[in-house]
Amino acid sequence: MRVLLIGANGYLGRFVADRLLADPAVQLTALGRGDDADVRFDLASGSPGALTRFLDAVHPGVVINCAGATRGGARELTRHNTVAVATVCEALRRSGCGARLVQIGCGAEYGPSQPGSSTAEDAVPRPGGPYGVSKLAATELVLGSGLDAVVLRVFSPAGPGTPAGSPLGRLAEAMRRAMQSGDGELKLGGLGVQRDFIDVRDVARAVHAASLSAAQGVINIGSGRAVRLRDAAAVLARVAGYGGALHELDGPPGALRPAIGHPRGDADHSGHVAPVAYPYPDGCGSWQQADVRTARDRLGWRPRINLEESLADIWMEAACRI
């Protein structure tokens, strides 16, 4: 099976590439903006015609799109998350390869949900920020393309390679600094948020399964269990051997506070996180939990790696910086 993987050098793409390379039946070609890609191509600025010519030459059976941006303003997010996907869809429509498209979406497309609820694929998406809007627009383009396509809505990925600007990455970095400086207490904000964390290696397994299946439409990829960030911090402290006290700085919604979930990673020269004036930067509110029954029924997929193992891998990478 010939597979074209777009975004192989990204956070999720690296693990998807590893998973596909472990399958002897897969012949993998990586397309991306970096020097390490087999073929260099920028989806945000490249033309559908140029991509069509490449598709006709390589003739993949499956195209997997892991590319995209998680940070930046609305214009940048739209270019990399929406315009790029429009280019992929148009190129596939023009090409004679007939490839199946596996598009990586995200849980932020749904926006806030009712605490205690599980979000299924038939929920009406109401993204609460520009990132979720740009990804939802991409999903709508894929679903309306007429292609053989599936969109995997990945909730909150965790595990090795977790970006330092993500909630769990920032949490590990704050704990590393506390241990390095001998601080007996760690003051953190934003710990009341509950998210559905899923290990990146389980995500890669889901992508592999989706590439082999005939499933179409939208499929949620998550653990099916919301975890409070405060509880994740306690597990990380145990894994790291941090014996200090964890103090939560959460205030009322909208109050200024150092937010562990702030996506930009802004900090002053002393390393202190800059406060933000809004409580849920990802636009998903205080709670998110995936209903993952569709992934089980249509892909034969279940998560295997628990959050403690994911956190242990995050900590191992953070500890190497001590």
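Guide: What follows is a walk through some labels on this model, which is a predicted one.

Visitor: Let's start with Ser134. Why is Ser134 called buried?

Guide: Buried means under 20% relative accessible area. Ser134 comes out at 3%, so it counts as buried. You'll find Ser134 in helix α4, residues 130-143.

Visitor: And which residues does Ser134 touch, leaving aside those up to four places away in sequence?

Guide: Leu77, Thr78, Asn81 and Thr82. The cut-off for a contact is heavy atoms within 4.5 Å.

Visitor: On to the strands. What makes β2 a largely enclosed strand?

Guide: In strand β2 (residues 27-32), 5 of the 6 residues are buried, so the rest of the structure largely encloses it.

Visitor: How do you know that β1 and β2 pair?

Guide: Pairing takes at least two bridges between the strands. Strand β1 (residues 2-6) and β2 have 5 bridges, in the parallel sense. For one of them, look at Val3, whose bridge partner in β2 is Leu28. Between β1 and β2 the chain passes through helix α1 (residues 11-21), and this β-α-β crossover is right-handed.

Visitor: What about β3, and how many bridges join β2 to it?

Guide: There are 2 bridges between β2 and strand β3 (residues 39-40), and the strands run parallel. The threshold is at least two, so β3 pairs with β2 too. If you want a place to look, Gly32 stands opposite Arg40 in β3.

Visitor: Now the charges. What makes Asp148 and Arg100 a salt bridge?

Guide: The rule asks for a side-chain nitrogen of Lys or Arg within 4 Å of a carboxyl oxygen of Asp or Glu. Here the N to O distance is 2.7 Å, so the pair qualifies. Asp148 sits in the loop between α4 and β6, while Arg100 belongs to strand β5 (residues 100-106), so the pair ties together parts that are 48 residues apart in sequence.

Visitor: Are those two partners buried or exposed?

Guide: Arg100 has a relative accessible area of 4%, so it's buried. Asp148 is at 32%, so it counts as partly exposed.

Visitor: How do you know that Asp282 and Arg195 meet in a salt bridge?

Guide: Their N to O distance is 2.9 Å, and the limit is 4 Å. This pair also links distant parts of the chain: Asp282 lies in the loop between β13 and α8, Arg195 in strand β9 (residues 194-195), 87 residues apart. Arg195 is buried because its relative accessibility is 6%, and Asp282, at 34%, is partly exposed.

Visitor: And what joins Arg201 to Asp313?

Guide: A salt bridge, with the closest N and O atoms 2.7 Å apart. Arg201 is in helix α6 (residues 200-212) and Asp313 in helix α9 (residues 307-319), 112 residues apart.

Terms used:
Residues are numbered from 1 along each chain as its sequence is written. This is a predicted model: local features need pLDDT of at least 70, side-chain atom pairs count only at pLDDT 80 or more; totals for chains, interfaces and linings use all residues. Side-chain values use heavy atoms; hydrogens and water are left out. Helices (H or I, at least four residues) and strands (E, at least two) are DSSP runs, numbered from the N terminus. Buried means under 20% relative accessible area, exposed over 50%, partly exposed in between (1.4 Å probe, protein chains only). A crossover is right-handed if, with the strands pointing away from the viewer, the path from the first strand over the helix to the second runs clockwise.
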